[in-house]
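Visitor: Hi there, could you walk me through this one? I'd like to start with the charged side chains.

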Amino acid sequence: MAATLTIGTLRLATNLLLAPLSGYTDVSFRLVARACGSVGLAYTDLLCPEGVVRENRRSMELAATCPQDSPLALQLYGSDPDALADAARWAEDHGVHIVDLNMGCPAEKITALNAGSKLLCDPDRALRIVERMKKSLRRIPLTVKMRLGWDDRSIVAAQLAPRLEDAGVAMIAVHGRTTQMQYSGRCRLERIAEVVGAVRSIPIVGNGDIRSPQDAKRMLDCTGCAGVMIGRYALSSPWIFRDVWSYLTTGSIPPAPTLDQKCQLMREHFRNLLHYRGERMAVLEFRRRATWYGKQMNPCRMLREQMRFINSLADFERAIEQFLEWRAGRVVVKRPSAIGRDMSDQEGDLGSRISEPGRSQ
Ligand SMILES: Cc1cc2nc3c(=O)[nH]c(=O)nc-3n(C[C@H](O)[C@H](O)[C@H](O)COP(=O)(O)O)c2cc1C
């Protein structure tokens with residue numbers, strides 16, 4: 001059901017959340033997704049509490065935000081209650097709207113620290129952390145994002161959720177997989193439904209494999225959850241939130257953005273990166289991110305090829321222009337490296353599906 005969502009004292013305009021995707025959901029991208037419409041809440045990447053409190057450069061890049069990037073949840077990972085409490089206080093003092101504890105990350109470099117989804121194996125520690133963080137926050141809500149459990153023999157989400165609620169957590173987002181599943185297999189909606197049934201009154205947000213408005217509706221209908229969180233699909237289709245909201249409120253889905261509009265989103269994203277990270281980082285980011293945008297712009301091999309060679313804003317603009325010309329059938333484009341392969345012969349790319357870019361966790 002389309003609805004607003006209240007998390008503690010914070011009322012969101014929609015119940016559609018942009019998931020944290022480390023390495024992808026920085027302020028530059030969040031602004032693009034928000035500009036497309038209907039994002040109720042977005043998250044920072046997962047942040048290291050010590051880095052936040054020391055304000056080290058990388059943590060500050062990841063925590064960067066602006067007034068339009070609102071409301072924002074800052075996500076922390078770790079296993080030291082004091083460090084997490086200090087970082088939560090830092091976040092509150094720096095104007096974020098929610099502090100979120102990561103209890104879902106399956107990456108070894110995180111679980112080896114007894115953090116992320118490893119906390120699901122030690123509920124007492126998880127509770128201690130949450131209680132400590134909750135105490136350090138004065139006004140803003142504390143939330144948790146978690147998986148179902150470590151593996152099929154230890155599915156704990158439905159037992160843990162009411163304990164987290166009692167400890168003061170104001171919302172829980174549940175990815176319907178275990179740590180062992182990583183990103184394979186089916187997202188288990190019936191397990192998310194168990195979590196919904198286990199808590200007294202806090203909202204549960206369902207997450208996993210939403211790739212269309214119909215998927216979002218299925219998540220809401222099958223689990224009874226209060227909202228949905230979308231991750232990977234938003235990277236190629238940041239307008240998915242607008243589509244889901246329209247489908248839930250009117251039953252219809254707006255026409256997809258035109259190719260020109262999609263290129264305009266890429267331009268906005270690149271300009272945001274220029275502003276926040278400078279030209280060098282913008283170029284490096286787009287060399288890898290063009291593949292995600294390309295998923296919704298087929299045939300697009302030429303765009304991906306061109307983006308691999310950009311070194312400046314001017315190169316980026318040229319790559320977009322040439323791609324649009326080529327799609328309009330007006331131009332034969334040479335590779336920027338001048339190696340000389342004629343890129344005009346792209347019929348083989350028509351309708352082709354590109355492989356999923358690598359995932360960092
Ligand atoms: C590249 C990548 C980075 C991620 N980073 C985070 C993260 O920093 N914090 C977190 O809680 N989950 C993270 N996740 C998990 C997502 O938030 C989400 O739970 C998962 O992708 C399932 O949702 P989806 O099917 O809509 O993508 C990450 C997932 C991917 C693929």
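Guide: Happy to. A salt bridge here is a side-chain nitrogen of Lys or Arg within 4 Å of a carboxyl oxygen of Asp or Glu. This is a predicted model, in which local features need pLDDT of at least 70 and side-chain atom pairs count only at pLDDT 80 or more, while totals for chains, interfaces and linings use all residues. Residues are numbered from 1 along each chain as its sequence is written, and side-chain values use heavy atoms, with hydrogens and water left out.

Visitor: Good. Which residues are linked in a network of salt bridges?

Guide: R57, R58, E61 and R277 are joined in such a network. A search of the whole structure finds 27 salt bridges.

Visitor: What does R267 pair with?

Guide: Its partner is E317, with the side chains meeting at 3.1 Å, N to O. R267 sits in helix α12 (residues 259–277) and E317 in helix α15 (residues 313–327), so the pair ties together parts that are 50 residues apart in sequence. Helices (H or I, at least four residues) and strands (E, at least two) are DSSP runs, numbered from the N terminus.

Visitor: Are R267 and E317 buried or exposed?

Guide: R267 is buried, and E317 is too. Buried means under 20% relative accessible area, exposed over 50%, and partly exposed in between, using a 1.4 Å probe and protein chains only.

Visitor: And what about E285, which residue does it bridge to?

Guide: E285 forms a salt bridge with R288, and the closest N and O atoms are 2.8 Å apart. Both lie in helix α13 (residues 279–294), 3 residues apart, about one turn of the helix. E285 is buried at 10% relative accessible area, while R288 counts as partly exposed at 34%.

Visitor: What is the distance between R153 and D151?

Guide: Their side chains meet in a salt bridge at 2.9 Å, N to O. R153 is exposed, with a relative accessible area of 75%, whereas D151 is buried, at 8%.

Visitor: Changing topic: which residues touch the most other members of the largest nonpolar core?

Guide: L76, V99, M146, I172 and M307 do, out of 94 residues in that core. The core draws at least three residues from each of domain 1 (5–250) and domain 2 (259–349), with bounds from an automatic or database domain assignment. A nonpolar core is a set of buried Ala, Val, Leu, Ile, Met, Phe, Trp, Tyr and Cys residues joined through side-chain atoms within 4.5 Å.

Visitor: What does I172 touch?

Guide: Leaving aside residues up to four places away in sequence, I172 touches V144, M146, A161, L164, I202, P203, I204 and V205. Contact means heavy atoms within 4.5 Å. There is also a second, separate core of 15 residues, which includes L12, A19, A73 and V205.

Visitor: How many residues of helix α1 are buried?

Guide: 9 of the 10 residues of α1 (residues 27–36) are buried, so this helix is largely enclosed by the rest of the structure. Among the buried ones are F29, R30, R34 and C36. Just after α1, G37 takes a positive phi of about 110°.

Visitor: One last thing: where is R177?

Guide: R177 lies in the loop between β8 (171–175) and α8 (189–198). At 1% relative accessibility, R177 counts as buried. Its contacts, not counting residues up to four places away in sequence, include R147, Y183, D209 and R232.
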